[in-house]
Amino acid sequence: MKLILAVVQDQDSARLMNAMVDHNFRVTKLASTGGFLKSGNMTIMIGTEDIRVEKALQVIRDNCKSREQLMAPVSPMGGNADSYIPYPVEVEVGGATVFVLPVERFEQF
Ligand code: 2BA
Ligand code: 2BA
C-alpha cells in the first residue's frame with residue numbers, strides 16, 4: 001500500500017476530490033498553507049494499493065493545473081528598506097506537488 005500526499009491549489013481541490021471518488025479512490029482533504037506564499041492550499045491524502053498509484057497520479061494530473069499567482073509585497077521587518085520590493089510579484093504555482101510514501105501498516109478501527 002502507498003500513501004499519496006498531493007498539495008494542490010484550492011480552486012482544483014473540489015474537482016479533484018470528485019474525480020478521485022468517481023475512480024473509486026478513498027480520499028481525505030486537509031486544509032494547508034504554503035510556506036512561501038503563506039496562502040491556503042489543500043493537501044489530499046490517498047491511501048491505495050501499489051498497482052493503483054499510477055492511476056491516482058493520472059487523475060491528479062488531469063484535474064490540477066498550474067497558475068500564476070500574485071505575491072503581495074511584504075514590508076521589511078527590521079528596517080532593511082534596500083531589499084523591499086514595493087510591487088506584487090508573479091509566482092508560478094504548480095498544479096500539484098505529490099509525495100508517494102510506503103505504508104507500513106493500515107488499520108481501521
Ligand atoms: P469518507 O471518504 O467520507 O468515507 C466515509 C465512509 O463511507 C467510509 O468510512 C466508508 O465506510 C464509506 N465509503 C467511503 N468510500 C466508499 C466507497 N468508495 N464505497 C463504499 N463505501 C465507501 P471509513 O472507511 O471508516 O473512512 C472514514 C474516513 O477516513 C473517510 O471519509 C476518509 O476521509 C478517510 N479514509 C478512509 N480510508 C482512506 C484511504 N484509503 N485514504 C485516505 N483517506 C481514507
Ligand atoms: P508555497 O510554499 O506557498 O509556494 C508557492 C509557489 O511559490 C511554489 O509553487 C513555487 O513556484 C514558489 N516558491 C516556493 N518557494 C520558493 C522559493 N524559495 N523561491 C522561489 N519561489 C518559490 P509550487 O512549487 O508548485 O508549490 C506549491 C505548494 O506546494 C507550496 O506552496 C507548498 O505548500 C507545497 N510544496 C511544494 N514543494 C514542497 C515540498 N518540497 N515540501 C512540502 N511542500 C511543498
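This briefing describes the fold, the ligand surroundings and the charged contacts of the structure shown above.

The model is predicted: local features need pLDDT of at least 70, side-chain atom pairs count only at pLDDT 80 or more, and totals for chains, interfaces and linings use all residues. Residues are numbered from 1 along each chain as its sequence is written, chains are lettered from A and ligands numbered from 1 in the order in which they are written, and side-chain values use heavy atoms, with hydrogens and water left out.

The protein chain contains 2 helices and 6 strands, where helices (H or I, at least four residues) and strands (E, at least two) are DSSP runs numbered from the N terminus. Of its 109 residues, 27% are buried; buried means under 20% relative accessible area, exposed over 50%, and partly exposed in between (1.4 Å probe, protein chains only).

**Fold**

- Read from the N terminus, the elements of the protein chain follow the order β-α-β-β-α-β-β-β.

**Surroundings of ligand 1**

- The shell around ligand 1 consists of Asn 24, Arg 26, Val 27, Thr 28, Met 45, Ile 46, Gly 47 and Gln 108; a residue is placed near a molecule if one of its heavy atoms lies within 4 Å of it.
- Strands β2 (27-33) and β3 (40-48) each contribute at least two residues to this shell, and β3 provides the largest share, with 3 residues.
- By class, the shell around ligand 1 comprises 3 nonpolar, 4 polar and 1 charged residues. In this scheme Ala, Val, Leu, Ile, Met, Phe, Trp, Tyr, Cys and Pro count as nonpolar, Asp, Glu, Lys and Arg as charged, and the others, Gly among them, as polar.
- A nitrogen atom of ligand 1 lies 3.2 Å from a polar backbone atom of Arg 26, and an oxygen atom of ligand 1 is 3.4 Å from a polar backbone atom of Val 27.
- Gln 108 places a polar side-chain atom 3.0 Å from an oxygen atom of ligand 1.
- Ligand 1 on its own has 750 Å² of accessible area, of which the protein covers 45%. Accessible areas come from the Shrake-Rupley method with a 1.4 Å probe; for residues, only the protein chains shown count as cover.

**Surroundings of ligand 2**

- Ligand 2 is surrounded by Val 7, Gly 34, Gly 35, Phe 36, Leu 37, Asn 41, Val 91, Glu 92, Val 93, Gly 94, Thr 97 and Phe 99.
- These residues divide into 6 nonpolar, 5 polar and 1 charged.
- Strands β5 (89-93) and β6 (96-102) each supply at least two residues of the shell around ligand 2, with β5 giving the most, 3 residues.
- The side chain of Asn 41 has an N or O atom 3.0 Å from an oxygen atom of ligand 2.
- The protein buries 50% of the 740 Å² that ligand 2 exposes when taken alone.

**Side-chain contacts of Ser 32**

- Ser 32 lies in strand β2 and counts as buried because its relative accessibility is 19%.
- Polar contacts join the side chain of Ser 32 to those of Asn 41, at 2.7 Å, and Thr 43, at 2.8 Å. A polar contact is a pair of N or O atoms within 3.5 Å; within protein, one must be able to donate a hydrogen and the other to accept it, and residues adjacent in sequence count only if both atoms are side-chain atoms.

**Salt bridges**

- The structure holds 4 salt bridges, each defined as a side-chain nitrogen of Lys or Arg within 4 Å of a carboxyl oxygen of Asp or Glu.
- Asp 12, Arg 15 and Arg 67 are linked in a network of salt bridges.
- Asp 12 is buried, with a relative accessible area of 0%, whereas Arg 15 is partly exposed at 43% relative accessibility.
- The side chains of Asp 12 and Arg 15 meet at 3.0 Å, N to O; the two residues are 3 apart in helix α1 and thus separated by about one helical turn.
- The closest N and O atoms of the salt bridge between Asp 12 and Arg 67 are 2.8 Å apart. Asp 12 lies in helix α1 and Arg 67 in strand β4, so this pair ties together parts that are 55 residues apart in sequence.
- Asp 50 and Lys 2 form a salt bridge through their side chains (3.2 Å, N to O). The pair ties together parts that are 48 residues apart in sequence, because Asp 50 lies in the loop between β3 and α2 (53-63) and Lys 2 in strand β1 (residues 2-8).
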